[in-house]
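Subject: Structure handover

Hello,

Here is the structure I promised to pass on. My notes follow below it.

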Amino acid sequence: MNRYDVVIVGAGPAGLSAAIEAAKNGMKVVVFDENSKPGGQLFKQIHKFFGSKEHKAKIRGFKIGEELLKEAYDLGVEVVLNAIVLSLHGEKELTVKVNDEVRHVKGDAVIIATGASENMVTFRGWTLPGVIGAGAAQTMMNLNKVRPGNKILMLGSGNVGLVVSFQLMQAGCEVVGLVDAAPRIGGYGVHAAKVARTGVPFYLSHTIVEAEGTDHVTGVTIAQVDEKFQFIPETEKHFDVDTICLAVGLSPMSQLLKNAGCKIVEDPKRGGVVPEVDELGMTSIPGVFAAGDVSGIEEASSAMIEGRISGAAVSEYLGYITKEELEEKIKVNEAALDSLRQGMFAPKNRGKLVEKTDEGIDVSMNLLKKGFVADEEIERFPGVTHRVGIHPVMECTQNIPCNPCQEACKKGCISIGSNITSLPIVVENSSCINCGMCVASCSGQAIFLVDEDLGDGMATVTLPYEFIPLPKEGTKGKGLGRDGKPVCEAEVVSVKNMKAFDKTNLLTIKVPKEYAMKARFFKAV
Amino acid sequence: MIISNDRLRDIGEFIPQPDDDILICRCEEITKGEIRRACHDGIFTMEEMRRYLRNGMGLCQGQTCSKLVKGIMARELKISPLDLEPATSRAPMRPIEMEIYARDGGNVG
Amino acid sequence: MKTTADVIIVGGGVVGNAAAYYLAKRGVEVLVLEADDSIGHGGSSRNGGGVRQSGRDVRELPYAMYGIKHLWPTLSEELGVDVEYHQGGNLRLALEESHIDILKGQAERATALGLDVKLIDGKEVHEINPYLSDAIIGATWCPTDGHANPMKTTLAFYKRARELGARFISGEKVVELRKFKGRIRSVVTESGTIYEGNTVILAAGYESREISKTVGIDIPMSLFYETCLVTEAQPPMFDIMLGVATAEIYGHQCDHGSFVFGSGTGLEPSKVPDSSDLRVPALDVSANCRCIMKYVPMLKDAKVVRSWGGWMDITHDHVPVISPVEEVPGLLLACGMSGHGFGTGPAVGLLLSQMVVGEKPICDITPLRYDRFKSDR
Amino acid sequence: MDESRRIKEHPIFGITEEKKEVHFTYDGKDIVGLEGEPIAAALRAAGVMVHRHTKKRDEPRGIFCAIGRCTDCVMIVDGKPNIRTCVTPLVEGMEVKTQYGVSDRPAG
């Protein structure tokens, strides 16, 4: 029998973080994952993460995965891939399929970090080839490097739907629209805004009536729904698409725990069917822990911290660290977790309409309904100020746990303060040197460098750009508004690309000065 | 005294709906209408439904449909989805060839 | 909510549901109490689906044969649910000479009671079923045996009985029986509810033992655990029920295309008897697969999609107790099915209904009496 | 090999790393894919949408979850049915066929 101090199921952010923590404390650790690549969903995430430095903010998801994996290997963690855990039995014994045999493995403790699976919705034609999950789209384009489709409709405006829509465009697909039955966008406003400004229309209070096609999807019809989610007649809209992408939420993948006999509860606040756990993540079976999405749907950043707590908890459970050491570790991690669980998108606010920011500012209703902040709304946010000369304009309008911009500006122009969900403000009397670090480090791509008046009736706007082909200096085109509609003529006057920008190109466009606060994207003609 | 598990509890008549032919369980091809009708046959739990219709018993083992089935049953039975038990989970977590399953001798003991 | 009925049935398994159906059909007011939240949660839905006569004890054979001749063939039609009954015959397979000896004895005893079962050689086995291992040297062949879908059968009886007005209450665990003026009368549940009836049928598997003890009756039986596995669908191959001389495995291909096989590791007698613990032990599925592949090697590439376990209520002599209790007039026992409950379930249900209404029973059941157990020392 | 679906260059990943080409058949037709990529990826790159037809309703199915859970993308690979093409790596010479129910031929 292969015996370990701790057996971890799932090499995603929670599982790997737990493994690292446990190995640091001197434990013999093995991690099993059914995929051929470790990192769980991190390996499909190509956007920069939110949070603060200790949450690995502004690092792209797949890089975080690589970092965690390297750290785990360096600490001697055994990571077994293509390893399907079949069952978890009494005495903390697992059966695992590795290659062409079944292994029996025992741990003195077990951490289940199996993550989540995608929810689905039904509509006429939902079984047609071409209707896929958002995770499938990510797997195909970001891992397999194959475009899932050419013209795509996205259903779901949560962070997954928003992020995947953006990624689809980065992969060269056309997103014809983003649809959600809810009356408001579910994900971060900044994620929505970066999709909206490219010209993707949002259809809130809409859902899919039918996927059309005989052998595969050739079109889709959507229609508006009322408060009870019933179709409103004669509101149908048709799109020619070859792919429909579903991003309607995640559910904890707790089957292994349920099969093992753990007490299971259905908790909508935690995202579905989850194990009953104590404050350290231990299930009803002593020595069996749950960490990450399997015990409640949250962001990957939270999963990493939960993993660390879980790794510390098993270390103490088996005597590798003292109770005091555990308490110290918990204190640090809980503080980090707590900071991530603040703000408008905190678990306690799930499903609620938050109308004012923590600062008491009215939230942009346009952002919630159309995906972009309207020109007349933007001025009320503290990151948006007017000055002579170049200065940052931070169109960050919701309290989300994120602060890399504050750190990015070495000149101290940007301040968020100790509460990482506060809106960024422009520090008075600070001087911007046009380095562009704030633009590149904003995970929400919500920071622009603006010189409102060059003196010749023109202005410049520097914006983040992560698409190909990358326009060259001198390229003429249109400046697009926050809503993605052309507002003015524009010319690219500079393209900056530095290693520190981590693939976020800085495009500076010249626009008539009355569009300095309106043009937020560039489209070559 | 209220006994909620009385199987003669009135849930009303079966009323056909236009989308009754939509598949819910993709693997076993079980429709919404079949699930709704089964409720009127007295099928009141997720476990009974699986046994009665085979929904969730296909290759994917209900990973895609169990939440959907639960919602449909709850509406039909006029209860909250939280009143229905979580779907059964059975090993193996993924389908495994018998020949491979049979080969577990290497490190047993 | 009415808590009285003519007949109260304790246990919503195949026997309880069948009894409810045949009683409701006879116009009797029935109330079924099931301890679990789901009807048919126990062995009724967890077995291998065999509908057999071969291998049965002489005391069971009369009603096992009656069921196959008169009940199973029309059951789907009668209940309005396809119970997937197939009378494809049963092969009980032998891999070595010692197995043949076991089969010979079984065949002789059954033949004496008029069952069409014969010993055949390896060549004949492969003519009947070409999908089996070449290593098989012989078998008993009973062409009138078959199989059905246990889950659907159990729920079909429930559905039809319910339609005929039988009342079922799930999640209602019976903890005590009480007599009133010398007769059975009350059924007390864990929730404290007291149900009353003129007749009580106790068909609660092993749990019947604890319950019957409350009126001073103890049936010598024990719990025995076995598991089943099911494969992904395969192209249609055969509709023959399979068993083996050593009783290690049993199974068949379902209408769905999947194969269901029951088995164990051989370590079952040492499993801690706890009927609430249904978890499949770590060694079980692998052992089951090895066994199956010895007899049906072509299933090696078939994927196992699911496994589950269940407890059987085995009496001391491996034959059920189907019996009235004279010491407790009005109490009828139908338990200790010893792993034979599914195939014989419809006939046992019919027998119970006949006992209640005083019809002439389909066969003599006195050999199945509860007080037949004697010390042999 | 039809390249239109393949991502040759990506704003974040840069130029896609070249992989060894392998030949396989899809319903008898020769197709070129990349060694080790999931069968499903090679088929999608080649424009194949339908992986199987269902048993009861004979409806087409293709990739749905792409991570081996939903099992909608199963096909007959080297004679074995129910192979999850989204998690099975492509190997030179593989014989991939559309699955009808559990068979390699349409019913009837």
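Strand β5(C) and strand β6 (residues 138-142) of chain C run antiparallel and are joined by four bridges. Strands count as paired if DSSP finds at least two bridges between them. Helices (H or I, at least four residues) and strands (E, at least two) are DSSP runs, numbered from the N terminus. C:Leu119 stands opposite C:Thr140 in β6(C).

Before going on, the ground rules. This is a predicted model: local features need pLDDT of at least 70, side-chain atom pairs count only at pLDDT 80 or more, and totals for chains, interfaces and linings use all residues. Residues are numbered from 1 along each chain as its sequence is written, while chains are lettered from A and ligands numbered from 1 in the order in which they are written.

The β5(C)-β6(C) pair ends an open sheet of nine strands with mixed pairing, in the order β3(B)-β16(C)-β12(C)-β15(C)-β14(C)-β13(C)-β4(C)-β6(C)-β5(C). The edge strands, each pairing on one side only, are β3 of chain B and β5 (118-121) of chain C.

Two helices of chain C pack on this sheet. Helix α4 (residues 97-112) of chain C lies across β4 (90-94), β5 and β6 of chain C, at about 20 degrees to β6(C). Helix α8 (residues 284-295) of chain C touches β4, β12 (221-231), β13 (241-244), β15 (259-263) and β16 of chain C. The direction of α8(C) makes about 110 degrees with that of β15(C). Axes here are lines fitted to C-alpha atoms, for helices over the stretch in contact, and angles run from 0 to 180 degrees between N-to-C directions.

**Where B meets C**

Strand β3(B) is joined by two bridges to strand β16 (residues 303-315) of chain C, and the two run antiparallel. B:Glu97 has C:Lys303 as its bridge partner in β16(C).

In the interface, 29 residues of chain B are in contact with 39 residues of chain C. Contact means that C-beta atoms, placed from the backbone, lie within 7 Å. On the chain B side, α2 (46-53), β3 (96-97) and α4 (98-102) each give two or more residues. That side divides into 13 nonpolar, four polar and 12 charged residues. Ala, Val, Leu, Ile, Met, Phe, Trp, Tyr, Cys and Pro count as nonpolar, Asp, Glu, Lys and Arg as charged, and the others, Gly among them, as polar.

**Chain A**

The domain assignment gives domain 1 (2-117 + 251-340), domain 2 (120-246) and domain 3 (375-524). Such bounds come from an automatic or database assignment. The C-alpha centres of domains 1 and 3 of chain A lie 38 Å apart. Between them, 12 residues of domain 1 are in contact with 10 residues of domain 3. The domain 1 side has four nonpolar, four polar and four charged residues.

Helices α4 (residues 159-170) and α5 (residues 189-196) of chain A have axes that come within 9 Å and cross at roughly 30 degrees. A:Leu162 and A:Phe166 are among the α4(A) residues in this contact, and A:Ala192 and A:Val195 among those of α5(A).

**Chain D**

Chain D has one helix and 10 strands. From the N terminus, they run β-β-β-β-α-β-β-β-β-β-β. Six bridges join the antiparallel strands β3 (residues 21-26) and β4 (residues 29-34) of chain D. D:Phe24 has D:Ile31 as its bridge partner in β4(D). The two strands form a hairpin with two residues between them, and D:Asp27 in the turn has a positive phi of about 45 degrees.

Best regards
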